[in-house]
Amino acid sequence: MASLLFRRRLSPAATISRKIFLHGGGNFYLLLWNMEAEASFGICNCLRQFSHSAAARKVDFTDLTHPHTWYPIARKKCRNVFLHVGPTNSGKTYYALKQLESSSSGVYCGPLRLLAWEVAKRLNKSNVPCDLITGQEREEVEDARHKSVTVEMADVSSDCDCAIIDEIQMIGCRSRGFSFTRALLGLAANELHLCGDAAAVPLVQEILKVTGDTVKVQYYERLSPLVPLKVPLGSFSNIRTGDCVVTFSRTEIYKMKKKIEAGGRHRCSVVYGSLPPETRTRQATMFNDASSNSDVLVASDAIGMGLNLNISRIIFSTLKKFDGVELRDLTVPEIKQIAGRAGRYKSKFPVGEVTCLDVDDLPLIHSSLDSPSPVLERAGLFPSFDLLYMYSRLHPTHGLHEILEHFLDNAKLSEHYFIANCDELLKVAAVIDTLPLSLHDKYLFCISPVDMDDDISSQGLTQFATNYSKNGLVRLREIFTPGTLKVPKSHTALKELESIHKVLDLYVWLSYRLDESFRDRELASSQKAICSMLIEEFLETVGWQKPRTKRLTQNSRLISLISREMRQQF
């Protein structure tokens, strides 16, 4: 395989001279540079040419106006690009996957691990050997010439016959769009299939004008009807089998679950973003299974992609969501993406319906479903590590946080691109800049999948980075005691267990990049699986309880899982 994540720690000089660091996203991933291929910025030549800061000052490393030139392998090809665009349940991805199945080699790039799992399973079931590669998983199949990956893991250092980028409209996402841009410009495939919303078509066509690729657009119509209802749900006694109630916070999800189950006629599965992916999949499977007790789904917008769901009717509890910054109205694309999950083609609910709880929300639902999504105007972009490294040589006394801030403030872009939102990276950089780590190591921790707004998750990352800087070795048992996990008894305890899962997931992610230092991958993976099972047991037996307002104390059960050293630091 031409693109594997790096497996051992090198000195900073050796790392730069032997590797090209390509950004990936949701988080950014560092891929091995194929020494037979050209580097996107000729990093080795750069280091020789700019070994002195005076020479480096003659080059503007903040010039990001020609990102298509970063991918010389793809530029050697005249790619045939096919845009498959249409609404949810239109069959667009199905047709692209048929092309992938029949190709001699290829890759599927999806926005979620759930989608990568699903496609790998499908191809292997069709006797097309397919590897699965995500930030936290490597499942290699003998003789495989196909891969199913999360988009951040797309390999731009080798070519293939066929490639798919799913949900291409996410190229406009503020936080992850640059990963889709990287895949769009960098995948060296004879055929490149892009699946998603028609809103992305003009932007993709404009971006690819300079690449020499040919672009064809195929429009698809929805395969099953989607009907916006003229009346709201009314009473919860009107809930019926196959319904999905959509709300946008964990607390509201469990309140809705309690209200529905209080009627005694229905049991609810739940799906939301902070649940482990494995738990989301099993909850969806229970909901889809006609023989299970679960016949209603209560979910967040996490159902918008990544799960096959047999939904009869989408019921919006609200059309407002907190996006991390403010409480805002749902956008037209968000409403259409969620509503479109009703009435899956060839399911037992061939006609999808959409309504809400509040009668005042009906006009926005109707107008959104009748409107095209706003056309995307710009695609996300972010500099690779090699650029940041060269830029850092102009500012040798600056830490990573200051380098990132200064680079982003001075970055030059063409009219078709924007710089990705780097708030999470900057939060991590501010914490770890004081540690005695190389710029490369700091960058690695900054791009890891950590939720800095989650106290336990952020503490886990800080402890991992601290131990790594001191010892070069991070044992999981230093901050976590296996065998102490229990079924949560409250909503608060559930949230704590979800946070523990995030810390274990982070350890696994780091173990694939620094395996000589993070040696307990199997232990972390097994504890992750236990977390998922305990969460599912809670969902089955406990249900919603009113969250406690009292803050966690040092003596809480969860904090007992954190080492004494860590408690002293925080």
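Analyst: Asp-453 is exposed, with a relative accessible area of 57%; here exposed means over 50% relative accessible area, buried means under 20%, and partly exposed lies in between, using a 1.4 Å probe and protein chains only. The model is a predicted one, in which local features need pLDDT of at least 70 and side-chain atom pairs count only at pLDDT 80 or more, while totals for chains, interfaces and linings use all residues. Residues are numbered from 1 along each chain as its sequence is written, and side-chain values use heavy atoms, with hydrogens and water left out.

Asp-453 sits in the loop between helix H16 (439–446) and helix H17 (455–471), where helices are DSSP runs of H or I with at least four residues, strands are runs of E with at least two, and both are numbered from the N terminus. Once residues up to four places away in sequence are set aside, Asp-453 touches Glu-424 and Lys-427, a contact being heavy atoms within 4.5 Å. Lys-427 is 26 residues from Asp-453 in sequence, and their C-alpha atoms are 9.4 Å apart in space.

From there one can turn to helix packing. Two packed helices are described by the angle between their axes and the distance between the axes. Helix H15 (residues 423–432) packs against helix H14 (residues 400–410) at an angle of about 150 degrees, with the two axes 8 Å apart; the axes are lines fitted to C-alpha atoms, for helices over the stretch in contact, and the angles run from 0 to 180 degrees between N-to-C directions. H14 and H15 are therefore roughly antiparallel to each other, given that angles over 145 degrees count as roughly antiparallel, under 35 as roughly parallel, 65 to 115 as roughly perpendicular and the rest as oblique. On the H14 side the contact is made by Leu-400, His-401, Leu-404 and Glu-405, and on the H15 side by Leu-425, Leu-426, Ala-429 and Ala-430. These residues divide into six nonpolar, one polar and one charged, with Ala, Val, Leu, Ile, Met, Phe, Trp, Tyr, Cys and Pro counted as nonpolar, Asp, Glu, Lys and Arg as charged, and the others, Gly among them, as polar.

H14 has a further partner in helix H13 (residues 385–392): their axes come within 10 Å and cross at roughly 105 degrees, and H13 and H14 are therefore roughly perpendicular to each other. In this pairing Leu-387, Leu-388, Tyr-391 and Ser-392 of H13 meet Ile-403, Leu-404, His-406, Phe-407 and Asn-410 of H14. By class, the contact of H13 with H14 has six nonpolar, three polar and no charged residues. Leu-404 is named in the contact of H14 with H15 and also in the contact of H14 with H13.

Leu-203, in helix H8 (residues 201–207), is buried, with a relative accessible area of 3%. Pro-87, in the loop between strand S1 (80–85) and helix H5 (92–102), counts as partly exposed at 38% relative accessibility.

At the level of the whole chain, the secondary structure comes to 20 helices and 18 strands, and 57% of the 570 residues count as buried. Among contacts between residues at least 6 apart in sequence, 77% join residues at least 24 apart.
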